[in-house]
Amino acid sequence: MTDTIFHKIIRREIPADIVFEDEHVIAFRDIAPQAPVHVLFVPKVDVATLNDLPASQPEVVGRLAIAAAAYAKREGFADDGYRVVINCNGHGGQTVFQVHLHLLAGAPLGRFGTARDS
Ligand code: 5GP
C-alpha cells in the first residue's frame, strides 16, 4: 500500500488542522499556505497521481471538487471566488504522491502560474 504524509494524517498518526471529513474525503489546511486560505482535499482511497485515476472512478476526484465548493460556500468566499489546482508529477510540482486538490482563496490570486514565474 502507498504510504504518504497524507495517509498518516488520514490515520491520525500526525496532526493536521482538519476542516472537513466524511467517509470519502478529508480536508486540512496546508502546512505552507500559498494564499490566505489554502486547504488540501484528499481522497481516502489510494490514488498516487491524476494519471492513476481509473476512468471507472471519476467520483474520486469529483468528490474533492464538490467538497471544495461546499467548503467555499460554507466559509463565505464562494461568490468572491477561489482557485482549485491538482498538481501532477514533476513538471506539475507534485511533491506528495496521494492525489489531492488545492483550494486557494481569500484574496485576488493573480495570473495562473507558469514556468516563467519561477
Ligand atoms: P503538491 O506539491 O504535492 O501538489 O502539494 C503538497 C502540499 O502538501 C504542499 O502544498 C505542502 O505544503 C503540503 N504539505 C506537505 N507536508 C504537509 C504536512 O505534513 N501537513 C500539511 N498540512 N501539509 C503538508
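The legends below describe close-up views of a predicted model.

Residues are numbered from 1 along each chain as its sequence is written, and side-chain values use heavy atoms, with hydrogens and water left out. Because the model is predicted, local features need pLDDT of at least 70 and side-chain atom pairs count only at pLDDT 80 or more, whereas totals for chains, interfaces and linings use all residues.

**View 1. The largest nonpolar core.** This core has 15 residues, and those with the most contacts inside it are V37, V39, F41, Y71, F77 and L103. A nonpolar core is here a set of buried Ala, Val, Leu, Ile, Met, Phe, Trp, Tyr and Cys residues joined through side-chain atoms within 4.5 Å; buried means under 20% relative accessible area, exposed over 50%, and partly exposed in between, with a 1.4 Å probe and protein chains only. At least two residues of the core come from each of β2 (25-29), β3 (37-43), α2 (59-75) and β5 (101-105), where helices (H or I, at least four residues) and strands (E, at least two) are DSSP runs numbered from the N terminus. The largest share, five residues, is supplied by α2. Apart from this core lies another, of eight residues, among them I9, I26, L40 and V42.

**View 2. Strand β3 and its partners.** Seven of the seven residues of β3 are buried, with V37, V39, F41 and P43 on one side and H38, L40 and V42 on the other. Strands β2 and β3 pair in the antiparallel sense over five bridges, pairing being assigned if DSSP finds at least two bridges between two strands; in this pair, A27 stands opposite F41. Five bridges also join β3 to β5, again antiparallel, and here V37 stands opposite A105. Leaving aside neighbours within four places in sequence, V37 is in contact (heavy atoms within 4.5 Å) with Y71, F77, L103, L104, A105 and G106.

View 3. The 17 residues of α2 reach 24 Å from the first C-alpha to the last, close to the 24 Å expected at 1.5 Å a residue, the expected span being 1.5 Å times one less than the number of residues. Its buried residues are V60, V61, L64, A67, A68, A69, Y71 and A72, and they pack against β1 (18-21), β2, β3, β4 (82-85) and β5. Just after the helix, G76 takes a positive phi of about 90°.

**View 4. Surroundings of the ligand.** The ligand is surrounded by 16 residues, of which the closest are R29, D30, N87, T95 and H102; a residue is taken as near if one of its heavy atoms lies within 4 Å. A polar side-chain atom of D30 lies 2.5 Å from an oxygen atom of the ligand, while a backbone N or O atom of V96 lies 3.0 Å from a ligand oxygen atom. In the side chain of H100, an N or O atom is 2.9 Å from an oxygen atom of the ligand.

**View 5. Q98 in its loop.** Q98 is placed in the loop between α3 (89-92) and β5, and is buried, with a relative accessible area of 1%. A polar atom of its side chain lies 2.9 Å from the backbone oxygen of P43. Beyond its neighbours within four places in sequence, Q98 is in contact with residues including T4, F6, H7, V42 and P43.

Conventions
A polar contact is a pair of N or O atoms within 3.5 Å; within protein, one must be able to donate a hydrogen and the other to accept it, and residues adjacent in sequence count only if both atoms are side-chain atoms.
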